[in-house]
Structure formats: structure tokens, C-alpha cells
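Here is a friendly walk through a protein model. Have the sequence and the coordinates open as you read.

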Amino acid sequence: MQVVNPQPRRDCGDTLDALGVEFGERVLTSRAVRDQYGRDESFHHPSPPDAVIRPRDAREVQRIVQICARHRTPVVAFGAGTSLEGNVAALAGGICIDSSEMNRIVAVNADDFDAVVQPGVTRRQLNEHLKGSGLFFPIDPGADASLGGMAATRASGTNAVRYGTMRENVINIEAVLADGSLIRTARRPRKSAAGYDLTGLLVGSEGTLAVFTELTVRLYPVPEAMSAAVCVFESIKGAVDSVIQMIQYGIAVARVELLDALTIKGLNLYSKTDLAEAPTLFLEFHGSENSVREQAEATQEIAAENGGSRFQWTQNTEERRKMWRARHDAAYSGKRLHPKGEIWATDVCVPISRLADCIEETRRDIERSKLLAPLVGHVGDGNFHLLLLVDHDDPQEVARAQALHRRMVIRALEMDGTCTGEHGIGHGKIDFLKLEHGAALEPMRAVKKALDPDNIMNPGKILEWKA
């Protein structure tokens, strides 16, 4: 493992003294605690903060940031620790603000289809709270991530093809800026033409511009009916072509996930499924009883024309949940394929018309590399992931994985895609962001310097700092 873009650690002694006066024993400095908060679920080397504090409200977040600003001490916001590009590693040390105790659902405005939540609220917690209301929050990245972390990384997941990403589903953010001031980025109407889009600026900023203290998110009516389907294909191209034709045909699919044969093999071992080890689509349709049946029937016809077979669909709730549990187990199931391998999860996104080409070229590259790398994809929006299984005690295997990863990203960029569809940049993809955006990095850097002139907000992430 390696630290990309290492940062000089800053002296936090005066900051810790000042925080101790105000927060006492709530300033956690034990090695075990700090180590826990210096890592996420990525392969990147952990980097612990100097202390962890769990504020209970926006006022306490303000006080923490004000003290850190006075001493130019780094601030790293922490949600559930499920990020995948080293987004929460305290590369320069500093204070970790853990939002887990800011987990209150402030309001559900059912008539307006929105909810106001603190950043530590998780997506499962919100949906459990919404049971019986006829509403739900659709963004599902798989992990039970905090909504603050999901907004910070512009997360999406399996439902994005129908409901969009966090970018489209965050209405307002209350946040503390680097100088300790508290702002709200918007109000609650469905649209506004008033001023700069600060909400859009902060969504995806990965804690480099502000610490979130409250979010207003969109809610949706629970569909009258939901059906799930599984279809096996002779080739990945046939599966992807089916998805493109479904979208062109106007089928309002809610979820459509591609799993390659190796992923299915891992699932059968880990989740005790008995799926055919071949390229497979998992699908879900939302709507009325009649519409979900019509969508499933039309999808079956399209799939058959592209080599799809064994099409099975159901409206049984438990069977549908079992299928999606298996899909979300994909990352963990890979460990069964390579017990010594550490999971290196990465993603790219391309225009859907180039998706089949990008995946096929990537699969051939994997075969040449002699690596195990299950592939899964949110193919309805052109996004796919590799779950590289790498033994980090084998330098040659690590080198092959790094080379494969780089070629995968460059290939996506050459197809007018992006280096990440939903994981974010963190410190792991900074070099790729340079290739993707070029001169556009300078206005991004200008925004960072204007809002955080001392570079205390999650330093070392997204952009290289230039004094």
C-alpha cells in the first residue's frame, strides 16, 4: 500500500489544549480511537488524526472549527467510514469531527416530499423512520452510509438510473465554513434562480470546503408495485446492449446492475446463491401492478434478442430483497476467490454508448494481467466498478494492479468518460482528476483558496495545494 499525495503533519498541541478546555474528556486521543478514524474501506494506507470529537449540534461544530481555524489545524469530517478513495484519511493530522451523534431526523415534510436531517443520519435509518408514510429515500450506494458522507462524495448507487444521484437529491445544506461561520446554501422550494448554486458546490466537495451540519433531501412516493428480475447472457456485450435498448425503448427501469461471471462465482460461494456463472443482469421495476408486469415482459423480449435467457421475475418482496442483498455482497464475496487478496475497489463512468466497448476492453486487459478482478456495474448510467483482489505482500501483483487500474481510467477518459462515477477523488485519484479536467482545475483551486485560505479543510484531497 502507498500514500498518494502525502502531507506534512501539523503540530496540534495548542489546538488540543484549547479543545480540552471546552470539551474536556470528549476530546478522544487514544491510539486505538485515532487509528479507527484514520481509515475507510479503501485499500489506501490509513492516516490517523490527532484527536476525535463527536459534536452534538451545529454550535459545537462551529466551536471546533473556530478553534482549529485559529491555530491552522486540519479538520476532517467523518461519517460512517465507508468511502473508497482514502477520503477520510487525516494526511496532515488534525481533528476528526465524527458526526455519529448528530443523527437526528429534524423534520419530514410529507406534503413537500422532503426531509431535514443531521449529517450522521444513515440512509437505512431515514427509510426506517419513513415506514408507513408512503415515502422513501432512494439513493442506495450499498453500504449503510451517512447522508452527510453521501452528499460529500456525491454518492449514488443502484437506483441512480431512475432517481439520480445525491447531486439531484440534496436541496439545501447547512454547513460550517473554514472560518467557523455557519451558512445555509438554499431554501426548500423545488427550484430557485437566486444566486450561485452553493448546494451543488458543496455536494461532492469531500469535506474540503465545509463541514455539514444539516441536510434537506428529496423524498419519493413508495411505488404501488415493485418487481425484480434476473437474466443470464452469453456475453457482456449482449447484456449492455439490452440495457441501451431498454432505455431507448422508454422502459423506466429503477435499477439495472451487471455482474460478470467471476462476480457470480463469488456470490454463489459467499451468499449461497445458485446462479449461473455467466454475465447477468439484476433489474428492478417500479410503478403500478400493470406497468411493472409490462416493463418486465418488454425487457424479456429485448434480452432474448441479445442472447439473454433464464429470465425470471418476481414481485415477492422477500425474493426481491434477497437478490439485492446478494448484489450488495459482491465486494465481500470477492474475498472467497482470493483469501490473501485485499479488495481494491475502483470505478469509472462513460457515455452509455461506449460502455460495452469500455467493459470488453477492460475484461481483456484483466485476462492479460493474470489478476482476479470481479466486475459489477450500474450499467443504466454507464458506471462500472472493478473489485481488484490484490495480495499486498506480493510486489509484482501490486504493480500489475496499479498498471491495470491506470489503463482502465485512461481508457474511460479517452472515451469521454470520467475517472470516478461515484467514489469521489479523495487522495487516490488526484492525478487522474488532472487528466480529466486540465485547466479547469485552476478555478476549482481558486474556490478552495477563497473559502479555505489556510487549507485546513481535509487537506490533501481532490486538489494539490499550491501556496
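## A lysine and its contacts

Leaving aside its neighbours within four places in sequence, with which residues is Lys429 in contact? They are Glu85, Thr346, Asp347, His405, Cys419, Thr420 and Gly424, where contact means heavy atoms within 4.5 Å. Lys429 sits in the loop between helix 15 and helix 16 (430–437); helices (H or I, at least four residues) and strands (E, at least two) are DSSP runs, numbered from the N terminus.

Lys429 has 0% relative accessibility and so counts as buried, a word that stands for under 20% relative accessible area, with exposed over 50% and partly exposed in between (1.4 Å probe, protein chains only). Its C-alpha atom is separated by 13 Å from that of Phe43, which is 386 residues away along the chain.

## What kind of model this is

This is a predicted model, in which local features need pLDDT of at least 70 and side-chain atom pairs count only at pLDDT 80 or more, while totals for chains, interfaces and linings use all residues. Residues are numbered from 1 along each chain as its sequence is written, and side-chain values use heavy atoms, leaving out hydrogens and water.

## The overall fold

The protein chain holds 17 helices and 17 strands. Its radius of gyration is 22 Å, close to the 23 Å that the globule rule gives for 467 residues, so the chain is as compact as a globular protein of that length. That radius is taken over C-alpha atoms, and the rule is 2.2 Å times the number of residues to the power 0.38.

The C-alpha trace spans about 65 × 60 × 40 Å along its principal axes. Of the 467 residues, 58% are buried. Among contacts between residues at least 6 apart in sequence, 73% join residues at least 24 apart.

## Nonpolar cores

The largest nonpolar core has 56 residues, of which Leu258, Leu281 and Leu388 touch the most other members. Such a core is a set of buried Ala, Val, Leu, Ile, Met, Phe, Trp, Tyr and Cys residues joined through side-chain atoms within 4.5 Å. Helix 15 (residues 395–414) gives the largest share of this core, 7 residues. Apart from it lies another core, of 28 residues, including Phe137 and Leu209.

## Helix 10 and its packing

In helix 10 (residues 261–270), the buried residues are Leu262, Thr263, Ile264, Gly266, Leu267 and Asn268. They pack against several elements, among them strand 12 (253–259), strand 13 (280–287) and helix 12 (317–328). Lys272, with a positive phi near 60 degrees, follows helix 10.
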